[in-house]
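Welcome, and thanks for taking a look at this one with us. Please have the sequence and the coordinates open as you read the briefing.

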Amino acid sequence: MPEDARITLQDLKNMVAAFVEERDWAQFHTPKNLAMSVAIEAAELMELFQWSDGRELEPGLLERVEEELADVLIYCLAMANTAGIDLARAVEQKMAANARKYPADLYRGRYR
């Protein structure tokens, strides 16, 4: 069974919170600092695809993508913890808004 099926979003938020607490890093976790960290880690993820066509993961790249994607998610979870955001609710609301904005019958196979 993949870990995604076993571990909840709250479990991940708790894992990140415990890690931060053990190191007394909450003092540095301002919304600004965390937003910047998300952007920095996302840029590191993008850098992996710089100068490639980006259509498939080259051999050896998947592990590096996994690491950078995890870093992005960790900072997102830390931001949610700091701001008191219920991520599951936020994602559900955003997906509902996206469904209204981009109805499947009008956007299937199109991005505009």
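Is Phe 28 buried, partly exposed or exposed? In this predicted model, Phe 28 has a relative accessible area of 48%, so Phe 28 counts as partly exposed, because that class runs between the 20% limit for buried and the 50% limit for exposed.

**Surface patch**
- Phe 28 sits in the loop that lies between α2 (9-22) and α3 (31-47).
- Together with Phe 19 and Trp 25, Phe 28 makes up a nonpolar patch on the surface.
- The accessible area of Phe 19, Trp 25 and Phe 28 together is about 310 Å².

**Largest pocket**
- The largest pocket holds about 550 Å³ of space.
- Its lining has 24 residues, and Val 16, Ala 70, Leu 73, Ile 74 and Leu 77 are the closest to the centre of the pocket.
- At least two lining residues come from each of α1 (3-6), α2, α3 and α4 (61-83).
- Helix α4 gives the largest share of the lining, with 8 residues.
- By residue type, the lining splits into 17 nonpolar, 4 polar and 3 charged residues.

**Asn 14**
- Asn 14 belongs to helix α2.
- With a relative accessible area of 42%, Asn 14 is partly exposed.
- Between Asn 14 and Asn 33 there are 20 Å in space, C-alpha to C-alpha, and the two are 19 residues apart in sequence.

How values were computed: Residues are numbered from 1 along each chain as its sequence is written. This is a predicted model: local features need pLDDT of at least 70, side-chain atom pairs count only at pLDDT 80 or more; totals for chains, interfaces and linings use all residues. Side-chain values use heavy atoms; hydrogens and water are left out. Patches are made of residues with over 30% relative accessible area and no salt bridge: like charges are joined within 9 Å, nonpolar side chains (Val, Leu, Ile, Met, Phe, Trp, Tyr) within 5 Å. Accessible areas come from the Shrake-Rupley method with a 1.4 Å probe; for residues, only the protein chains shown count as cover. A salt bridge is a side-chain nitrogen of Lys or Arg within 4 Å of a carboxyl oxygen of Asp or Glu. Helices (H or I, at least four residues) and strands (E, at least two) are DSSP runs, numbered from the N terminus. Buried means under 20% relative accessible area, exposed over 50%, partly exposed in between (1.4 Å probe, protein chains only). On a 1 Å grid over the protein atoms alone, a cavity is a set of points where a 1.4 Å probe fits but cannot get out, and a pocket is an open set with protein on both sides within 12 Å along at least five of seven lines; lining residues have an atom within 4 Å of a point. Grid points are joined across faces, edges and corners, and a volume is the space filled by probe spheres set on the points. Ala, Val, Leu, Ile, Met, Phe, Trp, Tyr, Cys and Pro count as nonpolar, Asp, Glu, Lys and Arg as charged, and the others, Gly among them, as polar.
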